[in-house]
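Subject: Structure handover

Hello,

Please find the structure below, with the sequence. My notes on it follow.

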Amino acid sequence: MSTAGRPAADDDGELERLRAEVRDLRAQARVRPLISQAQGIVRERYALPDGESAFALMQRASQRYNVKLRTLAGVLVTAPRPDGPETPWFPRRVRGPEPDLTFTRAHLSGSGSRGAVLKAVLSSTLAVVGTDMGNVQLTDRARGGLTIEQHTGLTADFVDFFAHVGDDGTACARAARDVAQVTVRDVESDPVFTEPARRAILAAGSRACHSVPLTTASGLCVGMVSAHLDRPLDGLTTAQTKALDTVGGQAGRWLAWHDRTVVLDALEHLHTLGRAGRGSSFRRS
C-alpha cells in the first residue's frame with residue numbers, strides 16, 4: 001500500500017509505536033529468563049505439576065510483601081536452598097529495626113515499600129543537584145551490574161538503552177566500582193563513556209551527570225542514584241557532596257535491611273506455601 005499523501009505526523013506516530021513495541025519486547029526478554037529459572041526451581045522443590053503453579057506461588061509471595069516479582073526471582077535463584085523440606089528457609093536470621101531515613105518520611109508507613117523509598121532517594125538527589133532528570137539503579141543479583149528501578153525526566157530510549165549496565169563504560173559503573181561519587185562535567189568529552197553510551201545520553205538531552213553510590217554500613221555498593229543536567233556542570237560544592245553522601249549511606253543501609261527482612265519474609269512465605277501444598281496445583285490470582 002502506497003504511503004503517498006500520508007501526513008508526516010501519521011508516519012511519525014507509527015514509527016514511535018513500533019519503537020515502543022521493540023522496547024517492550026526487549027524489556028520482556030530481559031526478565032523472562034530469570035522468571036522462568038525461578039519457576040523451575042519452585043516447581044522442582046515443591047513437586048508442583050506445572051510452571052503455572054510455581055508462578056502462582058511466586059505471585060502470592062510477591063503481592064503479600066509488596067516485592068516485585070523480578071526482585072523475588074533474582075533472590076530466589078541466588079539464595080542457598082532450604083536445609084530441608086520441613087524446616088523454615090531462614091531459621092537463624094536476625095531481624096533488625098527499619099533504619100531511619102532523615103531525607104524522607106516515605107518508610108514510616110510501615111509498608112516497607114522499596115518503591116517509595118527509591119522515589120524519595122531520587123527526588124532528594126535531584127533537589128540537591130538542582131535538576132529534574134535522573135534515575136536510581138540497584139545491583140543485579142543474577143547478572144551483576146546495575147538495573148534501573150526508578151527514573152524521571154529521561155526519554156524512553158534512554159531507559160531502554162541503560163536498563164542494565166555492566167561493569168564499565170558509564171559513570172554509574174565507575175562510581176559502583178570505586179564506591180565513590182563521580183561527576184561528569186561534560187558528557188560530550190568525558191572518556192568514561194563508550195561511544196554508544198555517550199550518544200544515548202546526549203540524545204536524551206543530558207550534558208552532564210553526577211552519580212552517587214548507595215552503600216551499606218560495611219561499605220558495599222548496593223545501588224546508584226544519578227542526576228542528569230541539560231548543561232555542562234562546573235562541579236558540586238562540599239555541602240552538596242556531603243548531603244549526597246548522607247542520602248547514599250542511609251538509602252544503602254535501608255536497602256540492605258529490606259533485602260534481609262522484607263524480601264526474605266516473602267521467600268519464607270513462598271516456602272511455607274510450597275511445603276503446605278506440595279504436589280498440588282495453584283492458579284495465579
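The buried residues of helix α4 pack against α3 (69-78), β1 (133-139), β2 (146-152), β5, β6 (221-229) and α8. Contact here means heavy atoms within 4.5 Å. Helices (H or I, at least four residues) and strands (E, at least two) are DSSP runs, numbered from the N terminus.

Before going further, note that this is a predicted model: local features need pLDDT of at least 70, side-chain atom pairs count only at pLDDT 80 or more, and totals for chains, interfaces and linings use all residues. Residues are numbered from 1 along each chain as its sequence is written, and side-chain values use heavy atoms, with hydrogens and water left out.

Helix α4 covers residues 114-129, which makes 16 residues. From its first C-alpha to its last it reaches 23 Å, close to the 22 Å expected at 1.5 Å a residue; the expected span is 1.5 Å times one less than the number of residues. Its buried residues are Arg114, Val117, Leu118, Ala120, Val121, Leu122, Ser124, Thr125, Leu126 and Val129. Buried means under 20% relative accessible area, exposed over 50%, and partly exposed in between (1.4 Å probe, protein chains only). Just after α4, Gly130 takes a positive phi of about 90 degrees.

Helix α3, one of the elements that α4 packs against, has 8 of its 10 residues buried, so it is largely enclosed by the rest of the structure. The buried ones are Leu69, Thr71, Leu72, Ala73, Gly74, Val75, Leu76 and Val77.

The sheet

In what order do the strands of the open sheet lie? The order of the 6 strands is β3-β2-β1-β6-β5-β4, and the pairing is antiparallel. Two strands pair if DSSP finds at least two bridges between them. At the edges are β3 (164-165) and β4 (182-184), each of which pairs on one side only. Strands of a sheet pair through backbone hydrogen bonds, either parallel or antiparallel.

Strand β4 is joined to β5 (residues 208-215) by 3 bridges, and the two run antiparallel. There, Val184 stands opposite Cys209 in β5. Between β5 and β6 there are 8 bridges, again antiparallel, with Thr215 opposite Cys221 in β6. These two strands, β5 and β6, form a hairpin with 5 residues between them, and Gly219 in the turn has a positive phi of about 90 degrees. On to the next pair: β1 and β6 share 6 bridges in the antiparallel sense, and Met133 stands opposite His228 in β6. In β6, 9 of the 9 residues are buried, so the strand is largely enclosed by the rest of the structure.

Aromatic rings

How many aromatic pairs does a search of the whole structure find? It finds 4. Rings of Phe, Tyr and Trp (its six-membered ring) pair if their centres lie within 6.5 Å; planes under 30 degrees apart count as stacked, over 60 as edge-to-face and the rest as tilted. One of the pairs is Phe161 with Phe162, which is edge-to-face at 4.7 Å centre to centre, with 70 degrees between the planes. Phe161 is partly exposed at 40% relative accessibility, whereas Phe162 is buried, with a relative accessible area of 6%. Another pair, Trp254 and Trp257, is tilted: 5.6 Å centre to centre, 55 degrees between the planes. Both Trp254 and Trp257 lie in helix α8 (residues 238-276), 3 residues apart, about one turn of the helix, and both are buried. Phe158, Phe161 and Phe162 form one aromatic cluster.

Ser53

Ser53 is in helix α2 (residues 51-64). At 0% relative accessibility, Ser53 counts as buried. Its side chain reaches the backbone nitrogen of Phe282 at 3.0 Å. Leaving aside neighbours within four places in sequence, Ser53 is in contact with Leu48, Ser280, Ser281, Phe282 and Arg283.

The chain as a whole

The protein chain has 8 helices and 6 strands. Along the sequence they follow the pattern α-α-α-α-β-β-α-β-α-β-α-β-β-α. Of the 285 residues, 48% count as buried. Among contacts between residues at least 6 apart in sequence, 64% join residues at least 24 apart.

Regards

Definitions and conventions: A polar contact is a pair of N or O atoms within 3.5 Å; within protein, one must be able to donate a hydrogen and the other to accept it, and residues adjacent in sequence count only if both atoms are side-chain atoms.
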